[in-house]
Every structure is written in C-alpha cells, then in structure tokens.
Amino acid sequence: MILAEGAQSVPSWRLLVPLPSEIIWSLAFLIIFAVVFMKFILPRLNAVLDERAEKIEGGLRNAEKVQEQVDQLKSDQEQELAAARQEAAAIREKARADGQKIVDEARARAEGENERLLTSGRQQLSAERIAASTELRGEVGTLASDLASKIVGESLTDDERSRRVIDRFLDDLESSQATTR
C-alpha cells in the first residue's frame, strides 16, 4: 500500500476497529441521544400511536354497533314483511269469503225470484185454466144445449134443467178423462 509522505503504516485489522476515544465519544453521543429520544420523542410517538389505536378501536366499536343496528333493522324488516304477508293473506281470505257471501246472496235472491216467478206463473196458469174451463163449460153447455135441442126436437129453454144436463155431461167427461190418465 502506498502511503503519503510522513504517514505511518496502519495494520489492516486496525481499519475495522475504532480507537478507544472514538468508542467513548460514540457511546456518550448514543446515551445522550437515547435519553433525549426516550424523554421527548418516545412519549409523543406513544401518544400518537395510542391515539391512533384508540381511534381504530372506536371505529371498530362503532362498526360493531352499526352492524348490530343493521342486523336489528334487518330482523325488524323481516318481521314487518312477515306481518304484511299475513295481513295480505287475511285480506285475501276475507275478500274470498266476502265474494262467496255475495255470490251466495245473489244465488239466494235469484232462487227466491225464480220461485216467486214460478209461483206467479203457476197461479196465472191456474187462473187461466179456470177461466178457460169456465169459458169452455159455457161454450160446451151452449153447444150441448143446441145439440140436445136439435136431437130432441124441442127447445131446452129451461136454464136450470139445461145447466144440470150440461154439468152432468161435463162431469162425466172429466171423470172419463181422469180414469184414462
């Protein structure tokens, strides 16, 4: 190794090991730095880290509370939805029952009206039958009286007698129709 003029030669192991005075000054500086660091910087750093940890824990607690609220709201919503479905089913069932009741009432009214019309028709038919029978009796009586007058050759003007003859003839005619049925 080439050295400058007046320089001494240093053994190679000495290049890696510092002088004892340098070690002492380095140790003094390191101790002063450690004391300053521990006295002033470390408490502030711990305070910042503690504050950050507190914020994170507070955020986690808030997140848990919010999650619990969300779960509670979801549960409440599901209960309300189930109640709404039950209410809708009850309304549908009531509507079906009301509809069936209306149909039954309409059917009963229709049957009553039908029965009333049938009764009215039967009464009208009976009245028309009686009227037709009375009219027919009168006409048959007149025809029978005229026919009997022509057969007998004399006039049957006696109303009472002709009425009896006509009634007997019609009664015989009705009884013969009744037995043939």
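This is a predicted model: local features need pLDDT of at least 70, side-chain atom pairs count only at pLDDT 80 or more; totals for chains, interfaces and linings use all residues.

Select Lys55 and Glu51. Both residues belong to helix α1, which covers residues 20-152. They are four residues apart, about one turn of the helix. Side chains of opposite charge can pair when their charged atoms come close.

Now show the surface around this pair. Is Lys55 buried or exposed? Lys55 has a relative accessible area of 59%, and the cut-off for exposed is over 50%, so Lys55 is exposed. Glu51 has 47% relative accessibility and counts as partly exposed.

How many salt bridges does a search of the whole structure find? The search gives six. Two further ones are the next stops.

Select Lys94 and Asp98. Their closest N and O atoms are 3.1 Å apart, and the pair forms a salt bridge. Where do the two residues sit relative to each other? Lys94 and Asp98 are both in helix α1, and because they are four residues apart there, about one helical turn separates them. Colour them by accessibility: Lys94 is exposed at 53%, whereas Asp98 is partly exposed at 34%.

Move on to Asp104 and Arg107. This is another salt bridge, and here the closest N and O atoms are 3.7 Å apart. The spacing along helix α1 is three residues, so about one helical turn lies between Asp104 and Arg107. Asp104 has a relative accessibility of 35% and is partly exposed. Arg107, at 46%, is partly exposed too.

The last stop is a pocket. Select Ser133, Leu136, Arg137, Val140, Leu170, Leu173, Glu174 and Gln177, the residues that line the largest pocket. Which elements give two or more residues to this lining? They are α1 and α2, the latter being residues 159-180.

The space in the largest pocket comes to about 160 Å³. Colour the lining by residue class next. What classes of residue make up the lining of the largest pocket? It has four nonpolar, two polar and two charged residues. Leu136 and Val140 are among the residues of the lining, and both Leu and Val count as nonpolar. Arg137 and Glu174 also line the pocket, and Arg and Glu count as charged.

Key:
Residues are numbered from 1 along each chain as its sequence is written. Side-chain values use heavy atoms; hydrogens and water are left out. A salt bridge is a side-chain nitrogen of Lys or Arg within 4 Å of a carboxyl oxygen of Asp or Glu. Buried means under 20% relative accessible area, exposed over 50%, partly exposed in between (1.4 Å probe, protein chains only). On a 1 Å grid over the protein atoms alone, a cavity is a set of points where a 1.4 Å probe fits but cannot get out, and a pocket is an open set with protein on both sides within 12 Å along at least five of seven lines; lining residues have an atom within 4 Å of a point. Grid points are joined across faces, edges and corners, and a volume is the space filled by probe spheres set on the points.
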